[in-house]
Each structure stands twice: as C-alpha cells, then as structure tokens.
Amino acid sequence: MNSVNPVFVPAPNIDTIVSLAKRRGFVFPSSEVYGGLGSAWDYGPLGVELCNNVKQSWWRWLVYERDDIEGIDSSIILNRLVWQYSGHEATFHDPLVDCRECKSRMRADKLEGYFPEGAHQADFDANARLRAGLVKCSECGSTNLTDERHFNMMFRTMLGAAADENDPAALAYLRPETAQGIFINFLNVQTTMRRKIPFGIAQVGKSFRNEITPGNFILRTREFEQMEMEYFVKPDAEHLQLVDEWVELYVEWFKELGIDAANLKLHEVPKDELAHYSKRTVDIMYRYFPERAEEERQWEELMGIAYRTDFDLRSHSSKPVDAEGNRVNPDSTEDLSYFDEATKQRFYPHVIEPAAGVNRTVLAVLMDAYSERTNDKGETRVILKLSPQLAPIKAAILPLAKNKPEIVGMAKAIKRSLQPVLRAVYDDTGGIGKLYARQDEIGTPMCVTVDHQSLEDEAVTVRDRDTWEQERVKVSDLAEHLQKRLKPYPNPLLEPV
Ligand code: ATP
C-alpha cells in the first residue's frame, strides 16, 4: 500500500496546474468552441466549489468570526461620477510600450530600468529613459522600445439600449475594483448598523480591467474576482502599524488555507510606485514561478494591504472646499464624515485596505496543494493536498462492486445521509484503484468504500488521501468520524457560528 516515507514533489510550474485543472474539471479555457478568448477562463464543477470555499472561508473569518466587520454587495456598474471622483478616470492607466525588435507589447513599469533608483515619480521622464536605452524588453532584452502610451484600463459600456456609442451622458464603466462600492455606502452601513469606529466593510465580487498584458493562466485576467475590505479608523490612529497588523493576519489566513509560508514574502512598495491614494502599501507575494532560476523573478503579487488615508471618503463628500472656498466635489449630495460622540469631533475616517484576489488565491492554493507521489508499483500519482475546508468534495462514497444492487443501494444511502453535514459524492465509474486515484487528484480528503462485508457488519472502509491508510468504521459513527477527521479545517456547514 503506502510507502513508509512518501516523497511529495510540488508543482514545478503553472503549466502543470493548467493541465490538471483542465483534465479534472477545475478550470477550462473560455469560449473554446470558438477557438478561445485570450486570457479568459471558465470555472468547472470543481473549480466553482474551490472558489466558493475560498470566498466562504474569507467571509466567515472576517464577517462572522470578528465582531467589527459588516458585509455588502454593491453594483458592478456605478454612477460614472464615482470613477471621476475616485481618480480612476484620470489616473487608472498603465504605461504601455512595444519592443521594436521582437514586437512584444509590455507594461513599461514592470520593466528593468524603468524607475530610476530612489527617485520620486514626479522626478523622472519615462520617455527620456526609454529613448536613452535604459529600459530593457522583458522578452528579448533589447532596449529598442517605443515611447510609452497610456490607456485607461476601465471597461466602457453604454447605459440604455438605444444609447449612442459616443454619448458621454450614457457612458458607464464596469468597476475596476470593489472598493468604491464600499466607500459610497460607508454612511448607509455605519448608520443602519449603528457602528462606531473602528469597524470594517467587506465585499467580494467581480472586477474588470482591460489589462495590457494579461496571462499566466488565472493570475492576470481582464475579468477577475476580488475580496476587499475597508477598515475605517480615526485620523490619528497608528496607521502604519495597522498595515503590519493586517499583513500578519492575512499571512496566517493564507497558511490556514494550506499555503506554505516559504512561498510567501512581503514587499514594501517603494514610495514612487504607490497608487495615487496610498501612503503605504505592503504586497504579499507568492512564488508563482518556482521554475525561474533568479529568485527575484519567482514572485508575483497575491494581494496588497494599503493605507488609503481619508482620500476616498473625502473625495466623495459634498463639504470639503479648496483654497478659494469652492466645493471640491460639487456633484456629491452627501457628506461622508463621521461624528465621534466621545470626543464630539467630526472627521473623515482613515482607511486600511486589505485587497486580495480570489483567482490568485486559488492558483496559489492549487500550486501548494499539488504533489506527486510514487506507489509501491512504481506508478506516479498526483495528489492534491487541499486543506479539507477548501476541498471541493469532502468525502466520496464508492461501491466496491457496482453490479451488486445491495452494495450500490447502501453506498447511495450513505451519500444521502452525509449530504446535510458535508459535501459528499457517489461514484461508481471505475474500479476501486481508479476511483481512489481520481479522488486523490481532485483533493478529496476521505474515500468511503462499501464492500460485501459492509452488508453483514454495517461498517465501511475509510481511506485517507494523504497517508493512504484505511480503517473500518461503523456506518452509525461515520458522520461524526468524518467530521473529526476533517478538522482542524472544519467544513463551515458542520460548525454553525
Ligand atoms: P498588479 O500590480 O498585479 O496589476 P494591482 O496592484 O493593480 O495588481 P490591486 O489593485 O491591489 O492590484 O488589486 C488587489 C488584488 O486584486 C491583487 O492583489 C490581485 O490579487 C487581484 N487582481 C488585480 N488585478 C488582477 C487581474 N488582472 N487578474 C487577477 N487578479 C487581479
């Protein structure tokens, strides 16, 4: 059966996950019947479960288990003015360059030599650096690059079925972040839920960005899902320290999801690369490219934790005035300030924002769960060591003989009896060896086998995915037994909060 000291080989690269994901029903290339659509992916029966479990874990952790966070679900299409006053219309663009040698199109700010060492953004002229040959193509190393051009990354659409394409009054955007839906609802949530600062608002949902260089599977796509939380604090709070606190909490959460701490690292975003609203940002990076020889090139952002100051609440408010006494935002009908009863002071709360991606989390989880193991016969098997809380299926109920109606009937009855407490499936599409292998490959922690003996002794064999060890368990004790084995990552359904 199992070797004494199994050697697990981790995922060597993203391509290994792409192929497993397609083969086993996690993620498919989108629109494949029409030749696909670049960098768009569809989540299959197991992928949708995995995404849901990641989102559910996040929601439980922040909205249910903590007492200081509320959840919302705002519209994807918001009033265009939201994006005008948030700064996205004017500044949400990445610089694009083309390589004249190899014809690649790239994001200039990701290239070696783009930023001068230690300078602030205002201090340098990117095109001068490009023309001087200081910036290198990431594909062929040439410095023969075009000047940079800026394109707004928000997807445009028209409101109204008969709206003219060029009518500015009909112009709207698909949201490029979920955060703004939170800011414009700050007062609604604070007053209806009678919240006092500090408290947070969480939202999970789709965002859209017309990325210049999408790619690397689900790492960078034009349509993706975010889990964002805005944590509102007093203006004089220890903001920079709060960023560190949230970084630590998220690292712990990622570890609980089964991500190895050795594949995580922190990146303090240099001042000259900060977004327009941020005073400090720390990115949590994941080792998405373990195959790259240079350690520095193995990492990409998994999430960011930003101190956004009071920028957004203030910009969306009707009251603030400029030096001449004119309203900075003449369009807003609300003042999104907060009155502190204790100090009798009114102020715009400051915000710490942990912003994570569902898809990048799913990819990191899959890469760290992937392992190859060789059995006694010398066959190599893939085992997805997903933490039980994330596994799409918690238990597979397998009949040893599918031509025996009594065995099949008993297996199906067991499946039905387990379903209210955990996600179980019945499968009889192959011999037992094949069925075990398939469940290992999709990360099912437990297999339950019903055999001839089961009809006599009302007991079944429970097989563990990671050790391949088997034990005999009474059917009457099965639900409780499985629940215990699924700890320390309980299924949310088992332990209502
Ligand atoms: P990057 O520098 O990689 O473009 P970003 O700093 O612009 O990312 P944020 O605006 O901080 O990203 O968004 C928060 C999170 O949303 C990111 O850490 C990532 O997990 C996710 N995310 C952002 N853009 C994409 C995308 N195009 N595809 C998938 N996930 C994304």
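Predicted model: local features only at pLDDT ≥ 70, side-chain atom pairs only at ≥ 80, totals over all residues.
User: What makes β5 and β6 a pair?

Analyst: Pairing requires at least two bridges found by DSSP between two strands. β5 and β6 (residues 105-107) have three, in the antiparallel sense, so they pair by that definition. Strands here are DSSP runs (E, at least two residues), numbered from the N terminus, and helices are H or I runs of at least four.

User: What joins β5 to β7?

Analyst: Four bridges join β5 (residues 93-98) to β7 (residues 149-152), and the two run antiparallel. H93 stands opposite N152 of β7.

User: Why are β6 and β7 called edges?

Analyst: The open sheet has the order β6-β5-β7. β6 and β7 each have a single partner strand, so one side of each lacks a neighbour in the sheet.

User: How many residues surround the ligand, and what is the shell made of by class?

Analyst: A residue is near a molecule if its C-beta atom, placed from the backbone, lies within 6 Å of it. The ligand is surrounded by 16 residues, with F224, G304, A355, G357 and R360 the closest. β14 (300-309) is one of the elements supplying at least two residues, and β14 gives the most, with four. The shell has five nonpolar, five polar and six charged residues. Ala, Val, Leu, Ile, Met, Phe, Trp, Tyr, Cys and Pro count as nonpolar, Asp, Glu, Lys and Arg as charged, and the others, Gly among them, as polar.

Note on methods
Residues numbered from 1 in each chain as written.
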